[in-house]
Amino acid sequence: MKMSNRSKMNDFDCVVIGGGHAGIEAAHAAGRIGARTCLLTISKDTIAKMSCNPAIGGLAKGQIAREVDALGGLMGLATDATGIQFRLLNRSKGPAVQAPRAQADKYKYKNHIRTLLEQTPNLTIIEAMASQIVTENGSVRAVKCSDGRIFRAAAVILTAGTFLGGLMHIGAEQFAGGRLGEPAANELSDSLRQIGLELQRLKTGTPARLDAATVALDKLEIQHGDEKPVPFSFLTERIDRPQIPCWITYTNREIHKLIKDNLHRAPLYSGQIASTGPRYCPSIETKIVRFADKDRHQVFLEPEDEEKSTIYCNGISTSVPKDVQDQIFKLLPGTENARIVHYGYAIEYDYCPPIQLRQNLETKKISGLFLAGQINGTSGYEEAAGQGIVAGINATRKLQGKEPVILGRDQAYIGVMIDDLLTRGIDEPYRMFTSRAEYRLSLRADNADRRLTQVGRSVGLVGEKRWAKFQNKINQIDRLETYLKDTVTPGPGRVSLWDQLRRPDNPLAKTLGDNPDVKAMSPAEDVLQAVIIDAKYQGYLTKQERLVANLRTLESRKIPADLDYGNILHLRSEAKEKLSAFQPGTLAQASRISGITPADITVIQIHLKKEISNIKHQK
């Protein structure tokens, strides 16, 4: 299928539904690569709205944000332009687990993203509420909206966030909505069921927001950003803006008793909410039940904008009744006289279990329909953005008749996430952690550009400016590493500077920039750090590369999409059932499905070899 020169007003190559963090990356990628793209959003004013914490990054999430940037996405650029506090987490630990995090001005962030989208070629933003996915003969054909308009396209990317069947809870109060003040997309849920997709329910939540002027911030522990902020985007040279601190307070026994006494009124414990919430970002009521021995829990009071007009209360997400929330803040040090701008709430929503997807994020059932973000059961802005940019790339490549871009587990955290979703399924909102990546030594935040910029360039997403900057960096790294390997210190042993750098706690790492020859090369700071890390990790990465080579052998063994596992002799019944449900694309994917044993993989390999042999014999 080729991208067309469509002339009718409502005819596009690609339609993206939803202007959240998945939708904006998908729409930008598709438009920039060359597809005539339409972004459907309920309101242009809510594009890139940070409905939860206005923060980007964190452990593993920061790596994903860097990967999105390296591929040519928007998240890193917008964070650098609107961030109000930057911190490099785990600075005292190794580079493999270090990650950038930034608090952003939520108003400036969404405005900046909207401006970038409006400058994106081939992209039209239209205000409308999608209500139906129109299909024909198992392929997507159009999107119908609640006002009757129909937008035709051969590729549709659905990034509905929490809007599908969204139901919000504050105590016994229940009201439909995708997020506060916005309607739920119930018709769209019904449409997905009608075209044969399975939907299930998940839950997430958010804490109250406070009027910053009514919080006694001067009485609280202060948390400053880094003196020398580390940018998110590889295009950003440095960040010179003043930073705004966050503040820390703690719950206490009185608050815990208050919540325990009112658990029967909390939707999570009254039976009002039956769906599963995020294990690693629990509500305050869940923390108090799960960690009954703790006398206090840390709460970060984080400004939501540069003017410090509102405060996000990170650590006390809740859906208890409003009167209980009022009392919680009267008992929380620093907020005794605070005014609540809006109360915390929980939200239940529909999602599509991701085993219904192919590796390119296209649904197995409907050709041309791609899903990205929370609809696939993930949580977090970064996880959504990572899926969005991959869906945008692959929807466009499908239109171009090209092979999809599949990021490996050894290539990107985004690759780990998508593979996890497809092979392991989920029973709670998926969140990325460094521990999920078996090759995390090479999946660092600092080298995301070296891993993925070439990929972004090859699909047409990385522009000339980013490519020139990247090429210059690679040339500087190669030149410096060559010098270090060729330069041998005098005296006994005659060890090269490179080998000195490889030694643990060698002082050369701290003084390398002062070397006259190195100074003459004028390497940028990120180049120096890249070379130091390369030297430090060389031995570990050599071992890891051997493991990756074994993985690639299995990844290269494709499994036919129409393989009937029921007809494979000696394959266990459980394996037949699970493999038929997941339909893995490669032997490596099959090996990662829970319950699939090495013996099962061997049986499949033998079966495939026999099939190939039979085909050759018939010829």
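Here are a few friendly notes on the protein shown above.

1. A word on the basis: this is a predicted model, where local features need pLDDT of at least 70, side-chain atom pairs count only at pLDDT 80 or more, and totals for chains, interfaces and linings use all residues. Residues are numbered from 1 along each chain as its sequence is written, and side-chain values use heavy atoms, leaving out hydrogens and water.

2. Start with the overall build. The protein has 20 helices and 21 strands, which are DSSP runs numbered from the N terminus (helices: H or I, at least four residues; strands: E, at least two). Its C-alpha trace spans about 70 × 70 × 55 Å along the principal axes.

3. Next, burial. Of the 619 residues, 57% are buried, meaning under 20% relative accessible area with a 1.4 Å probe, protein chains only.

4. Now look inside at the largest cavity. A cavity is a set of points on a 1 Å grid over the protein atoms alone where a 1.4 Å probe fits but cannot get out, and its lining residues have an atom within 4 Å of a point. Phe234, Asp449, Thr453, Arg466, Lys469, Phe470, Lys473 and Asp526 form the lining here.

Terms used:
On a 1 Å grid over the protein atoms alone, a cavity is a set of points where a 1.4 Å probe fits but cannot get out, and a pocket is an open set with protein on both sides within 12 Å along at least five of seven lines; lining residues have an atom within 4 Å of a point. Buried means under 20% relative accessible area, exposed over 50%, partly exposed in between (1.4 Å probe, protein chains only).
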